Amino acid sequence: MRRPCTDNLPTLLSSEARFRVLRVFSLTEGSLGLRELERSTQIAIRSIQVATQALSKDGVLKKDRQNLFRLNAKHPDGPRLRAMFQYLQKEELKDKANALSTRAQRAVRLCDDVRDLLTRRKLT
């Protein structure tokens, strides 16, 4: 059996399915089944199966008797993966907040423009 090494991140993140599966596990505590992963990642079940099989082989995921997977807390890349995905989640939240702020500012300007237009029409 191959021993996982700490410079294995490029391999672990080599596909979209692996990336999404690792993201779900890095941001979730506990075990998940294939169908739950399918719903969470919005990836086809076969891609999920291939990704979980590869990640289990690499030692990143552990599979229990009920066919549920969980992140292997003893894997050397585990803490780095969690930190990376938590950072990405924070950045995405910042981006969404900035986009909402921009939209709100546009809405306020539009309301001001409409009010000004209506005020001008009343004056004429």
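How far apart are the end C-alpha atoms of helix H4 (residues 45-57), and what span should its 13 residues have? Keep that in mind as you open this predicted model.

**Stop one: helix H4.** At 1.5 Å a residue, the helix should span 18 Å, and its end C-alpha atoms are 18 Å apart, so expectation and model agree.

Now colour Ile-48, Ala-51, Thr-52, Ala-54 and Leu-55, which are the buried residues to look for in H4. They cover an arc of only 165° around the axis, so they sit on the same side of the helix. Turn to the other side of H4 and you will find Arg-46, Gln-53 and Lys-57, which are exposed.

Move on to Gly-59, which follows H4 and has a positive phi, near 90°.

**Stop three: Lys-74.** This residue is in the loop between strand S2 (69-71) and helix H5 (78-123). Its relative accessibility is 75%, so Lys-74 counts as exposed.

**Stop four: an aromatic pair.** Show the aromatic side chains; the count comes to 1 aromatic pair. Select Phe-19 and Phe-85: their ring centres are 5.1 Å apart and their planes are at 65°, so this pair is edge-to-face. Phe-19 belongs to helix H2 (residues 16-27) and Phe-85 to helix H5, so the pair ties together parts 66 residues apart in sequence.

Finish by showing the surface. Phe-85 is buried, at 0% relative accessible area, while Phe-19 is partly exposed, at 25%.

Key:
Residues are numbered from 1 along each chain as its sequence is written. This is a predicted model: local features need pLDDT of at least 70, side-chain atom pairs count only at pLDDT 80 or more; totals for chains, interfaces and linings use all residues. Side-chain values use heavy atoms; hydrogens and water are left out. Helices (H or I, at least four residues) and strands (E, at least two) are DSSP runs, numbered from the N terminus. Buried means under 20% relative accessible area, exposed over 50%, partly exposed in between (1.4 Å probe, protein chains only). The expected span of a helix is 1.5 Å times one less than its number of residues. The arc is that of the directions from the helix axis to the C-beta atoms. Rings of Phe, Tyr and Trp (its six-membered ring) pair if their centres lie within 6.5 Å; planes under 30 degrees apart count as stacked, over 60 as edge-to-face and the rest as tilted.
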